[in-house]
Structure formats: structure tokens, C-alpha cells
Amino acid sequence: YNHFSGKDELALAAFDYNWNILLTRYKEAISSVPDSPAEQLLAAIGVHASFADNPPMEGGCPLLNTAIENDDGHIALQQKAREAFTYWHKLLSTIVQHGIVSGDFRPEVEPDQVATIIISTLEGGITLGKIMQDEEYIRTATNHLYTHIESAVLA
């Protein structure tokens, strides 16, 4: 606690640190294919797929962990998790919107629904993988998303 006023400040800093690691991975993956919304969306999903073999930190997803562990508790951590999920959702939704405009994605696709499905499926895969101690769950979830994107989202 030498650098923090207490455990609350330490918890908030730990969340920020872990969220920034995830966010950096997302931004790097997306910026590696700047001219293709379809490739950006697949790259964003691939970030989570890489967690099976190369987790960015121990203990699972800090967003999900923080949200679940603080759903009835630490208000500031709840808010941080909510803001991070909102940012992630908006990031994915914006990619889908760009894909619709560019003609890469079907015009009837709902960007917010696609973002919700992606986040829910990825977080579910991570959760099952941690509970069952088998990373095949995240691989199955990401493979399903790749198939869904190819069959229902791409034009």
C-alpha cells in the first residue's frame, strides 16, 4: 500500500492496469487491418481466442471478474467495469457500422446486436474454460463466432 491511500485505490488501479492491457491488445489487432471492417471484427474476436494459449493475465477476464465480484459491492469498481464493457461494446458496434457502410456486412445487420453476441459468447467461453479448467471452451466459442460472422454478418 506504499503507493496507494488504501485498498480501494489499489483495486481501482489494478482494474485500470488490466483493462489497459486488454485494450492495447484490441487496438493493436484492429489497427493491423485498418481498411477492412470484416478483418477488424475477426481480429477483435481473435484477441480473445489468443487468451487460450496466451492469457494477458492470470485469473480470467478482469472485466467479467470485476463485474461479477462487485455486482452488489464496490460502486466505483462496478462503474469501471460498466465503462469498460460499454467501450468494448461501442468499439465492436462501430466496426460493424463501418462494415455496413462499406458494403462488407449485410445492411440488415444490427451493430449493437452483433456486439452483444460477440461479447456474451466470448465471456461465456472464458468463464466455462476457467470453471472446467479446459481452454477448449474459448476455442469453441471463438470458432462459433467466426462461423456466425461468415454466415450471418458478411455480405
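Select α3 to begin: its buried residues are P62, L63, L64 and T66. This is a predicted model. Now show what surrounds that helix. The buried residues of α3 pack against α1, α4 and α5.

**The nonpolar core**

Within the largest nonpolar core, which has 38 residues, L41, L63, W88 and I118 touch the most other members. Which elements give two or more residues to this core? They are α1 (7-31), α2 (37-49), α3 (62-69), α4 (75-102), α5 (111-132) and α6 (136-153).

**W88 and its contacts**

Next, centre the view on W88. Leaving aside residues up to four places away in sequence, W88 touches W19, Y26, H48, L63, I119, L122 and E123.

**The loop between α5 and α6**

Move on to Q133, in the loop between α5 and α6. Is Q133 buried or exposed? Its relative accessibility is 75%, so Q133 counts as exposed. Look at the backbone as well. Most residues other than glycine have a negative phi. The phi of Q133, by contrast, is positive, near 55°.

**The whole chain**

Zoom out and colour the chain by secondary structure. How many helices and strands does the protein chain have? There are six helices and zero strands, and from the N terminus on the order is α-α-α-α-α-α. The radius of gyration is 16 Å, close to the 15 Å that the globule rule gives for 155 residues, so the chain is as compact as a globular protein of that length. Along the principal axes, the C-alpha atoms fill a box of roughly 55 × 30 × 30 Å.

Now consider contacts along the sequence. Of the contacts in the protein chain with a separation of 6 or more, 68% are between residues 24 or more positions apart.

**The surface**

Finish with a surface display. Of the 155 residues, 39% count as buried. The accessible surface comes to about 8700 Å², and carbon and sulfur atoms account for 54% of it. Colour the surface by charge for the last stop.

Conventions. Residues numbered from 1 in each chain as written. Predicted model: local features only at pLDDT ≥ 70, side-chain atom pairs only at ≥ 80, totals over all residues. Heavy atoms only, no water. Helix = DSSP H or I, 4+ residues; strand = E, 2+ residues; numbered from the N terminus. Rg over C-alpha atoms; globule rule 2.2 N^0.38 Å. Buried < 20%, exposed > 50% of the residue type's maximum accessible area, 1.4 Å probe, protein only. Contact = heavy atoms within 4.5 Å. Areas by Shrake-Rupley, 256 points an atom, 1.4 Å probe, with all protein chains shown as cover. Core = buried A, V, L, I, M, F, W, Y, C linked by side-chain atoms within 4.5 Å.
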